[in-house]
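Student: Could you take me through one part of this model closely, beginning with the aromatic side chains and then working outward to the pocket and the polar residues around them?

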Amino acid sequence: MGALPVYRWHLAPDGYATRRQLRERGLRPGGQCVAAQLERPRRRRGPLVAYLYRIDLALPVRPMTPARRAALAAANRARRTCPACRRDAGYVIPTSLGTCVPCAYPDPDRSEGNI
């Protein structure tokens, strides 16, 4: 396999799209390899790179089934559940804290039963 064609930002030929652009069209890469890449130059750092896929080889997005919807809801619920107090925090627990904010920073003036 040869090197990927590299295009400048906004200068990719028709027939190529990024993952996000495919998703907007209701498509997914569907197992195809990256066909090309875009590079956007930046000062003092390496260029931003976006991978491109061929639109004609893309497949339709798989429909959301009830089982997939339930699995996604369970995963999101697990991300909101505090491991210390086992309550739904109502937000995704920050990985930097590892627990909900009241457990990470307990208020010494309040009793533990009232939060």
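Tutor: Tyrosine 16 has a relative accessible area of 25% and therefore counts as partly exposed, where buried means under 20%, exposed means over 50% and partly exposed lies in between, computed with a 1.4 Å probe on protein chains only. This is a predicted model, in which local features need pLDDT of at least 70 and side-chain atom pairs count only at pLDDT 80 or more, whereas totals for chains, interfaces and linings use all residues. Residues are numbered from 1 along each chain as its sequence is written, and side-chain values use heavy atoms, with hydrogens and water left out.

A search of the whole structure finds 1 aromatic pair. The partners are tyrosine 7 and tyrosine 16, whose ring centres are 6.2 Å apart and whose planes meet at 45 degrees, so the pair is tilted; rings of Phe, Tyr and Trp (its six-membered ring) pair if their centres lie within 6.5 Å, and planes under 30 degrees apart count as stacked, over 60 as edge-to-face and the rest as tilted. Tyrosine 7 is also partly exposed, at a relative accessible area of 24%.

Tyr16 also belongs to the lining of the second largest pocket, where Ala12, Tyr16, Gln21, Leu38 and Leu52 lie nearest the centre among 15 lining residues. A pocket here is an open set of points on a 1 Å grid over the protein atoms alone, where a 1.4 Å probe fits, with protein on both sides within 12 Å along at least five of seven lines, and lining residues have an atom within 4 Å of a point. The space in this pocket is about 190 Å³, a volume being the space filled by probe spheres set on the points, which are joined across faces, edges and corners. Its lining divides into 9 nonpolar, 4 polar and 2 charged residues, with Ala, Val, Leu, Ile, Met, Phe, Trp, Tyr, Cys and Pro counted as nonpolar, Asp, Glu, Lys and Arg as charged, and the others, Gly among them, as polar.

Glutamine 37 sits in strand β4 (residues 36-42), strands being DSSP runs of E with at least two residues and helices runs of H or I with at least four, numbered from the N terminus. Glutamine 37 is buried, at a relative accessible area of 14%, and its side chain makes a polar contact of 3.1 Å with the side chain of glutamate 39. A polar contact is a pair of N or O atoms within 3.5 Å; within protein, one must be able to donate a hydrogen and the other to accept it, and residues adjacent in sequence count only if both atoms are side-chain atoms.

Glutamine 32, in the loop between β3 (27-28) and β4, is buried as well, at 16% relative accessibility. Its side chain reaches the backbone oxygen of proline 29 at 3.3 Å, and glutamine 32 touches Tyr53, Arg54, Leu57 and Ala58, again not counting residues up to four places away in sequence.

Histidine 10, by contrast, is exposed, with a relative accessible area of 72%, and lies in the loop between β1 (6-8) and β2 (16-17). Histidine 10 has a positive phi of about 70 degrees although it is not a glycine.

Note on methods
Contact means heavy atoms within 4.5 Å.
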